[in-house]
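Here are a few notes to read alongside the model.

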Amino acid sequence: MKLIKMNEREYHAHEALGSSDIKQLLQNPHEFRQEKQTSKAQELGSLVHKLILEPEEFANSYYVLDNIDRRTKDGKEKYLKALAEAEAENKEIIDLATYQQGKEIAEAFNKTSVAKLLDKGVAENCAFSEIDGVAVKCRPDYFRQDKNIIIDLKTTSLAGGASALSFQKAVANFRYYIQASLYMQILNADEFYFIAIETQAPFMVGVYKLDISALELGETQIKKAL
């Protein structure tokens, strides 16, 4: 399967179905094509992904907004100017506090032995295929072609969220088994690992692989959605 370098906006705009689309179809088909809002937690998660997986691309993707008092005339003008610059450069705006938090999380993660898993692979590439005649897509956080494994980063704001018990609940609640199964089918990968990263100090980390029954459940639900 050929991997393609594509930015996140292009990937999400592609009509093929990704794991988020499949989850939405299963949950509520009526809302499937509705525009989805990004939460603060998702915003932080995307930032951490960029700082860990593609730090060299950060400056090309983000515009860090300094602390600006928008209650003043001068502050409003500076804010509007920043928005215009970010839009012109096709960058996502983040506030200084979010950036500093994301940087702290990434620096803590990079000091762990788990960071060594993100070596000899490619980050944030896309792949497209068909299942049951339906176009599908995936954008693995990291793909180790030397070992044919997929690695996915999940940030959690919960205290103890990277523990085995908490992450097991997250797998069920957010149906991560659908993502793992879909990505493995598209890339014909041998294994799929989740790295759970807590976003609050001391930034604990856990590494998990789903068992065969979870992956089979994902495959069944994918077929239902398609």
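1. Lys223 forms a salt bridge with Asp132, with 3.5 Å between the closest N and O atoms; the term asks for a side-chain nitrogen of Lys or Arg within 4 Å of a carboxyl oxygen of Asp or Glu. Asp132 sits in the loop between S5 and S6 and Lys223 in helix H9, so the pair ties together parts 91 residues apart in sequence. Asp132 counts as exposed, at 54% relative accessibility.

2. A word on the ground rules: this is a predicted model, where local features need pLDDT of at least 70 and side-chain atom pairs count only at pLDDT 80 or more, while totals for chains, interfaces and linings use all residues. Residues are numbered from 1 along each chain as its sequence is written, and side-chain values use heavy atoms, leaving out hydrogens and water. Helices (H or I, at least four residues) and strands (E, at least two) are DSSP runs, numbered from the N terminus.

3. The structure holds ten salt bridges. Another of them links Lys50 and Glu54, whose closest N and O atoms are 2.9 Å apart. Lys50 is buried at 15% relative accessibility, and Glu54 is buried too, with a relative accessible area of 5%.

4. Which charged residue is buried yet has no salt bridge? That is Arg175, and the nearest side chain of opposite charge (Lys and Arg count as positive, Asp and Glu as negative; His and chain ends are not counted) is Glu31, 9.8 Å away. Arg175 is found in the loop between helix H7 (164–173) and helix H8 (176–187), and its phi is positive, near 50 degrees. Leaving aside neighbours within four places in sequence, Arg175 is in contact (heavy atoms within 4.5 Å) with Lys23, Leu26, Gln27, Ala170 and Gln221.

5. Ala170 also belongs to the buried residues of H7, along with Phe167 and Val171. They lie on the same side of H7, because they cover an arc of only 105 degrees around the axis, taken from the directions from the helix axis to the C-beta atoms. On the other side, Leu165, Gln168, Lys169 and Asn173 are exposed.

Notes. Buried < 20%, exposed > 50% of the residue type's maximum accessible area, 1.4 Å probe, protein only.
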